[in-house]
Structures are given as structure tokens and as C-alpha cells.
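Please read this briefing alongside the sequence and the model.

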Amino acid sequence: MGVSFVKVYKAYCNKLFLDNMVKENLVKDVVKEPYKYGFVTDIETEKIAKGLNEDIIRLISQKKEEPKYLLDFRLKAFKKWQKMDEPDWAGLGYKQIDYQDIIYYSAPKQKEKISSLDEVDPKLLETFDKLGIPLTEQKKLTNVAVDAVFDSVSIATTFREELAEHGVIFCSISEAVKNHSDLIEKYLGTVVPASDNYFAALNSAVFSDGSFVYIPKGVKCPMDLSSYFRINSGDSGQFERTLIIAEELSSVSYLEGCTAPMFDTNTLHAAVVELVALDDASIKYSTVQNWYAGDEEGVGGIFNFVTKRGKCLGKRSKISWSQVETGSAITWKYPSCLLLGEESIGEFYSVALTNNLQQADTGTKMIHIGPKTKSTIVSKGISAGNSINSYRGLVKMGTKATGSRNYSQCDSMLIGDQASANTFPYIKSQQPNSEIEHEASTCRISEDQLFYLQSRGIEFEEAISMMVSGFCRDVFNQLPMEFAAEADKLLALKLEGSVG
Amino acid sequence: MQSKMKESDPILEVENLFASTDNLPILKGVSLTVFPGEIHAIMGRNGCGKSTLSKIIAGHPSYNITNGDIKFSGENINSLEPEERAQSGIFLGFQYPIEIPGVSNLEFLRVSTNARRKFLNKEELDTFDFEELVKEKLELVKMDHAFLSRSVNQGFSGGEKKRNEILQMALLEPKIAILDETDSGLDIDALRIVASGIKKISNAQTGIILITHYQRLLDEIEPNYVHVMADGQIIKTGGSDLALELEKKGYEWTDNFVKET
């Protein structure tokens with residue numbers, strides 16, 4: 001895995017974080033990462049043959065009993081993809097992906113039609129139990145509805161009836177294709193067109209499942225909605241697609257979690273998420289990404305190439321992305337906002353933690369099109385081990401974006417002396433009557449800070465995780481309550497030596 | 001100089017301590033014994049090794065002990081981690097308290113207090129119980145409750161930082177407190193508050209080492225012993241009158257002292 005970064009700011013500090021060798025070793029111990037979601041569920045799966053061609057796409061579409069317009073959408077995307085080149089502008093170093101060596105559809109074998117959760121394979125329920133996402137009626141989380149996706153298919157969605165009473169549709173995207181075809185046809189691909197980028201085109205051609213959310217006019221979704229993505233097969237990719245539509249004056253908070261087993265091969269995950277917010281609607285989309293990151297030598301781990309974008313179509317609409325990215329061997333992800341509606345608001349709050357040989361290239365694009373639009377970007381990158389952690393973002397003020405404002409803050413924290421942190425902010429303004437503000441900082445946990453906490457009886461490891469979570473505070477404050485606690489724990493876990 | 005007739009065992013014994021950083025010798029044979037209830041003052045020019053001595057006792061990783069021992073309650077602590085020393089009851093009040101962005105003062109104080117309580121086999125406190133305890137201690141240093149919700153020392157004035165140190169001392173109830181220039185940067189009112197806080201916290205079981213340049217702190221807290229340090233050694237030890245004399249004559253007066261053996 002050769003790292004082809006040339007012009008990176010290799011953060012080599014003269015006064016190293018810790019001077020003596022004892023502490024150097026301690027740091028190495030501390031940032032060792034235990035991954036407790038690495039188990040594989042032994043379940044009979046239906047897999048199609050490896051490889052990618054028109055027949056495979058027809059087969060996927062056929063398996064899902066899709067209408068013709070969707071098959072056409074896929075085939076068109078595939079044609080575009082074939083003409084595109086894999087992007088390399090992020091300078092990520094990874095082994096060439098052989099797209100013919102991937103299985104594009106893998107599903108646990110289940111009864112043809114499942115009418116209730118009781119009919120879901122107990123092994124699957126057990127898997128989600130183990131992941132802390134119980135699905136059964138007795139045990140399900142009380143304040144959040146969950147759509148559980150296993151490899152290529154959604155296996156269960158909780159609280160459907162309760163949500164339906166409010167007119168909220170929450171189901172797998174495959175189901176939405178069947179039951180809410182009009183909405184799919186109207187919105188699918190309108191935020192992230194198939195031609196947007198290489199991985200979006202690939203996803204458009206082969207996407208298997210994902211979540212669909214529709215919040216009707218004037219409805220404040222009565223509970224948080226959540227999708228949990230689980231990769232189980234080592235040789236199949238996951239290509240989920242999520243579409244969320246918030247009608248006028250509606251609001252929803254959506255959470256997304258993901259884990260995968262530990263394999264020594266790399267698994268491709270190329271998702272697309274599209275959000276649409278109409279007048280006065282608000283969508284809050286939070287992610288805790290904890291895909292398997294590979295081992296200390298960089299063997300295995302998920303390649304996470306994701307396109308997430310929200311369209312603030314309506315006036316005073318708001319889309320807020322918050323993400324905690326701790327997993328994946330490679331993260332390539334820029335949740336963005338197209339601010340079309342007058343006075344619409346886009347937000348991006350991000351914590352990205354990389355360790356060992358992980359690479360993260362993440363950030364956002366805030367495209368101000370309408371007048372008086374506002375965006376806020378707060379990004380916190382933490383790099384430990386030999387990892388590379390980059391913020392890459394674009395703020396663009398279009399010609400009509402008069403009176404628009406952006407504020408960006410990008411902070412990096414380095415742990416140890418082998419990690420690197422980069423910030424690539426791109427700014428394009430075609431509107432003189434708009435404001436763009438950018439702040440950036442790089443810090444290192446200083447020996448004095450550590451000593452101060454230790455001299456108050458706080459253990460070395462706890463001191464580090466305290467400072468890391470302090471560093472991320474601005475972002476954690478944006479996460480839904482339980483998520484914030486989970487994120488805090490997750491970071492501590494990633495940084496601790498021996499937590500079971 | 002020190003009385004041979006002590007009823008209890010010493011809290012802290014520094015025995016012929018030599019220490020260096022980056023191979024540069026800083027301490028060149030320091031000996032110091034503190035018994036319960038005693039207040040020691042250490043004075044001396046900048047760079048004489050006062051602060052280094054305090055950091056080494058607290059376990060700062062940048063310094064290597066090349067010779068000699070530090071004993072706490074009779075046990076050698078040379079190789080203990082800073083947190084182990086703190087948990088067992090050694091407190092260092094920093095000359096320049098460190099800012100920790102994003103970490104709330106309340107949470108920091110609670111985690112720290114619980115680490116000490118755990119060592120003492122006392123029950124750890126949850127946020128609510130801790131709030132009660134801390135409220136009571138805030139009184140001692142006349143600090144406003146609002147300080148608790150701010151990040152540790154961030155944006156605190158010099159005086160607020162020092163008061164926050166004494167608040168920590170009050171919560172941790174150490175057996176020995178080494179206060180490194182706690183008086184520097186304080187106006188007269190703040191000095192009185194800090195001094196009275198220190199006096200209220202200390203008792204017949206605790207030992208205190210005050211590192212200072214000024215008589216004014218010693219007017220508030222009268223030491224039993226005053227030590228003068230120069231070039232990594234204690235060159236003279238006396239009673240509280242030594243500080244007064246030093247105040248009058250300045251450090252130049254001590255230039256001709258040779259180490260008393």
C-alpha cells in the first residue's frame with residue numbers, strides 16, 4: 001500500500017510529543033485498536049457470480065422485481081461508469097480494485113415473503129443483538145426506529161406501523177420502489193446524478209438496498225430514524241442507496257451506523273445518500289462509521305467510497321450532516337449541501353479519527369446557489385499511528401448567492417510523531433456580496449498537558465482520551481444524545497490499549 | 001537544622017537527589033525532609049532548580065533522577081508514574097497551570113477527585129454528589145460556580161488559574177502539597193484568598209512546601225523552615241526569619257554561602 005502523497009504537510013515536529021522512548025512505546029500501546037464487531041455470522045447466503053456486466057445488472061434488477069425505468073437508470077449509469085476513470089485526485093494509496101472480482105449481490109437466504117419480525121432468521125436477529133441493535137418487539141430500542149441492512153438487503157424495519165400513523169414512510173429502498181414508485185421516480189438521482197462521479201455511477205448501476213424515508217408536509221418525525229449497515233460477506237461489495245425526502249415544514253433526525261467483520265481482504269463499500277429538503281424542512285443526518293479498519297500492518301479493511309449530498313431545495317430549509325468516522329482502511333467521503341432555497345442552511349460537523357495505516361480524505365462541499373444562504377463547517381481530524389487524515393472541502397458562492405455566509409473551522413490533532421494531517425480548503429466565490437471565513441489549526445497533545453492531567457491522578461490513557469474528546473466537543477455537541485455517548489466511547493476504545 | 005525529636009514519621013524525604021534533563025544536571029544533591037504539620041518554604045533565584053525539584057517529586061517524565069531517592073510515607077517513589085503519586089497524596093500546584101481545551105473543568109475535577117478517592121477506598125462520586133462537594137470547596141477560594149462549566153484553565157486570568165489550583169488541592173486532600181510560585185501574578189486580595197484557602201486545607205497531618213520569591217506569601221502563611229536554593233542545591237536552611245533577612249538583603253547576600261553540610 002504505497003502512499004503517494006507528495007505535497008502533503010508531513011507533520012514533523014521538532015519538539016516531539018513525547019521525548020523519551022518509554023513514552024513512545026506507551027503511545028504505541030495506547031493507540032492499538034481493538035475491534036469488537038469483527039465476527040462473521042455463519043448463515044446461508046444467496047450470492048450471484050462475481051463480476052460486473054449488463055447481464056449482472058439485469059439480474060440484480062430482476063431479483064428485485066424492478067420497474068423498467070429503474071433498470072434503465074442502472075444501465076445508463078453503467079454505461080457512464082464504463083467511460084469514467086477511477087479518481088486519484090485525493091492521492092490515496094491503495095491496491096488497484098478489480099471490479100470483476102467482486103460479488104455485487106449477496107443476501108441471506110430467507111423465506112420469500114416475511115410478514116413479521118418473527119419470521120426473520122434468528123441468526124440475523126442475534127447478529128444485530130450482538131451489535132447492540134436489538135430488533136425484536138420485546139427488546140427493540142424504544143426511542144428510535146431501525147432499518148437493519150445485512151449485506152445487500154434490508155432484513156427488518158422497526159416501528160413501521162407507529163410511523164405510518166404519522167404518515168411517515170420508513171422502509172427499505174427496495175420496498176419503496178414497489179410501494180412508492182412515484183416518489184422514487186421523482187427523486188432518485190436528482191441530488192446525486194449517476195454521472196456525478198465514478199463511485200456514484202457504480203452505485204447507481206448496482207445498488208442493492210438501503211433506506212427510504214418520506215416525511216409528509218408539516219410532520220415532525222416522532223422519533224429518530226436509524227439505519228444500521230452490516231457487511232458480512234468478505235467477497236461482496238456493499239452498495240446501498242439511501243433517499244430521504246422532507247416535505248414542507250417537516251423535520252427528521254436520521255442516524256446511521258455501520259460495522260463489518262475482520263477479513264484480510266479489502267471490501268468495497270460505495271454508497272450513495274440523497275437528501276431533499278423542501279420549504280422550511282429540516283434534515284439532520286448523523287453517522288457513526290466504524291467499518292473494519294484493517295490491522296496494524298494495513299492488511300484488510302473496508303474501502304469506503306461514499307457520495308452523500310443534500311439538496312436544500314426549499315426556502316429556509318436546513319440540512320445538517322454530522323459524522324464520526326473512525327473505521328475503514330480508506331475513507332473517501334464528502335457529505336455536501338446544495339443550498340438552492342433562499343435562506344437555506346447547510347451544516348457539516350465531522351470528527352475523523354485515523355490510526356495505524358488508515359487513510360481518511362473527508363470533508364464537505366457547500367454550494368451556495370440561492371441568496372442569503374448560510375453554511376457552517378466544523379471539522380476535527382485526529383491522526384495517530386502512521387495514518388493520514390485530510391480535510392478536503394469546497395465552499396462555493398454562486399452569482400446569485402448574495403448576502404450568503406460561510407464559516408469553516410478545521411482543526412487537526414496529531415498523536416505520536418508518524419501521523420500526518422492535511423487541510424485542503426477550496427474556496428470559489430462569484431458573488432462579492434458574500435462572506436467566507438476559514439479558520440484552521442493543528443495541535444499536538446503536549447507533554448505538559450498530559451503531565452498536568454496525570455499529576456491530578458488521571459491515568460495516561462484516560463488523559464489522552466479526555467483530551468481527544470475535549471478536542472471533538474464542538475462536534476459531539478451536535479450529535480443526538482445517545483450517539484454522542486457512543487461516539488465518545490468509540491473514540492476512547494480506539495485509543496485505548498486493552499479494553500474488552 | 002531540623003529537630004531530631006519528631007513524634008511521627010516523615011511524609012516526604014528527599015535524599016541527596018541528583019537529576020538532569022537532556023543530560024544537563026539540574027539538581028546536584030538536594031536533601032529535604034517534611035514531617036506532618038510542617039510548612040517549608042523554598043526560595044532562590046530563577047533557574048536555581050526550585051521548580052525542577054517540585055516537578056521531579058511529582059514525577060515529570062522529562063527529568064531523570066541520576067542519584068538519590070525520593071521517599072513518600074517511607075516508600076521509595078522514584079519509579080512511580082505521576083498519576084500514582086497523585087493518587088497516593090502528592091499534589092503539585094503549578095506555577096503556570098495548563099489549559100486543556102474542550103475538557104470541562106467540572107469533569108476534570110471529578111475524574112481527578114475520584115482517582116484519589118478510589119486510592120483511599122472511598123466511594124467514587126457521581127456528577128450530582130460531586131457538585132455538592134465542589135460547591136463547598138469553591139467557597140474556600142471564593143470561586144464562582146461558572147468556572148466549573150468552562151474548559152480547564154482556558155481563558156482564566158492568572159489569579160483564576162491559581163485559585164483553580166487551590167480548589168484542586170482542596171478536593172484532592174493531599175498529604176503533601178508542593179505549591180510552585182502560587183503567589184506569583186496575584187494581587188493582594190487574591191493572595192489573601194489563596195493563602196487562607198491553603199491554611200484551611202492544611203492540618204496537622206499534611207505537609208506543605210511553598211516555592212516562592214516573595215515574603216508577602218510568607219507573611220500570610222508562616223513557614224517552619226526556609227530553605228535557600230542555588231545552583232541545584234539547598235545552600236542554607238533557617239527559620240522564618242531567614243526569609244525576612246533575604247527580603248532585606250536580596251539574593252546577592254546568599255551568593256557567598258557555601259552549602260551547609
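**A glycine in a loop**

A:Gly91 is found in the loop of chain A between helix H3 (68-83) and strand E2 (106-108), where helices (H or I, at least four residues) and strands (E, at least two) are DSSP runs numbered from the N terminus. This is a predicted model, in which local features need pLDDT of at least 70 and side-chain atom pairs count only at pLDDT 80 or more, while totals for chains, interfaces and linings use all residues. Residues are numbered from 1 along each chain as its sequence is written, and chains are lettered from A and ligands numbered from 1 in the order in which they are written.

- A:Gly91 is partly exposed, because 17 other C-beta atoms lie within 10 Å; a residue is buried if 20 or more other C-beta atoms, placed from the backbone, lie within 10 Å of its own, exposed if 12 or fewer, and partly exposed in between.
- Although A:Gly91 and A:Asp361 are 270 residues apart along the chain, their C-alpha atoms are separated by 9.0 Å.

**Chain A as a whole**

- Chain A contains 12 helices and 24 strands, and of its 500 residues 56% count as buried.
- Among the contacts in chain A with a separation of 6 or more, 83% are made by residues 24 or more positions apart, two residues being in contact if their C-beta atoms, placed from the backbone, lie within 7 Å.

**Helix packing in chain A**

- The axes of H3(A) and helix H8 (residues 198-206) of chain A come within 7 Å and cross at roughly 145°; axes are lines fitted to C-alpha atoms, for helices over the stretch in contact, and angles run from 0 to 180 degrees between N-to-C directions.
- From H3(A) the contact draws on A:Phe73, A:Arg74, A:Ala77, A:Phe78, A:Lys80 and A:Trp81, and from H8(A) on A:Tyr198, A:Ala201, A:Leu202, A:Ser204 and A:Ala205.
- By class, the contact of H3(A) with H8(A) has 8 nonpolar, 1 polar and 2 charged residues, where Ala, Val, Leu, Ile, Met, Phe, Trp, Tyr, Cys and Pro count as nonpolar, Asp, Glu, Lys and Arg as charged, and the others, Gly among them, as polar.

**Strands and sheets in chain A**

- Strand E15 (residues 330-333) of chain A is covered on both faces, with A:Ile330 and A:Trp332 buried on one side and A:Thr331 and A:Lys333 buried on the other.
- E15(A) is joined in parallel by 4 bridges to strand E13 (residues 301-312) of chain A, and A:Lys333 in E15(A) is the bridge partner of A:Val306; two strands pair if DSSP finds at least two bridges between them.
- E15(A) is also joined by 4 bridges to strand E18 (residues 359-362) of chain A, again running parallel, and here A:Lys333 stands opposite A:Thr362.
- An open sheet of 10 strands in chain A has mixed pairing and the order E4-E3-E7-E9-E12-E14-E17-E20-E22-E24.
- The edge strands of this sheet, each pairing on one side only, are strand E4 (153-157) and strand E24 (435-444) of chain A.
- Within the sheet, strand E17 (residues 345-354) of chain A runs parallel to strand E20 (residues 374-383) of chain A and is joined to it by 10 bridges, with A:Glu347 opposite A:Thr376.

**Chain B**

- In chain B, 4 strands form an open antiparallel sheet in the order E2-E1-E4-E5, whose edge strands are strand E2 (24-34) and strand E5 (75-76).
- Strand E1 (residues 12-21) and strand E4 (residues 64-72) of chain B run antiparallel and are joined by 7 bridges, and B:Ala19 has B:Ile65 in E4(B) as its bridge partner.
- Helix H1 (residues 50-58) of chain B lies across E1, E2 and E4 of chain B, at about 70° to E2(B).
- Of the 15 residues of helix H5 (residues 158-172) of chain B, 12 are buried, so H5(B) is largely enclosed by the rest of the structure.
- The buried residues of H5(B) pack against strand E6 (90-93), helix H3 (105-119), helix H4 (127-140), strand E9 (176-180) and helix H6 (188-201) of chain B.
- H5(B) is followed by B:Glu173, which has a positive phi near 40°.

**Contact between the chains**

- Chain B brings 21 residues into contact with 20 residues of chain A.
- Helix H2 (82-88), strand E7 (100-104) and H3 of chain B each supply at least two residues of the side of chain B that touches chain A.
- By class, that side of chain B has 12 nonpolar, 6 polar and 3 charged residues.

Key. The expected span of a helix is 1.5 Å times one less than its number of residues.
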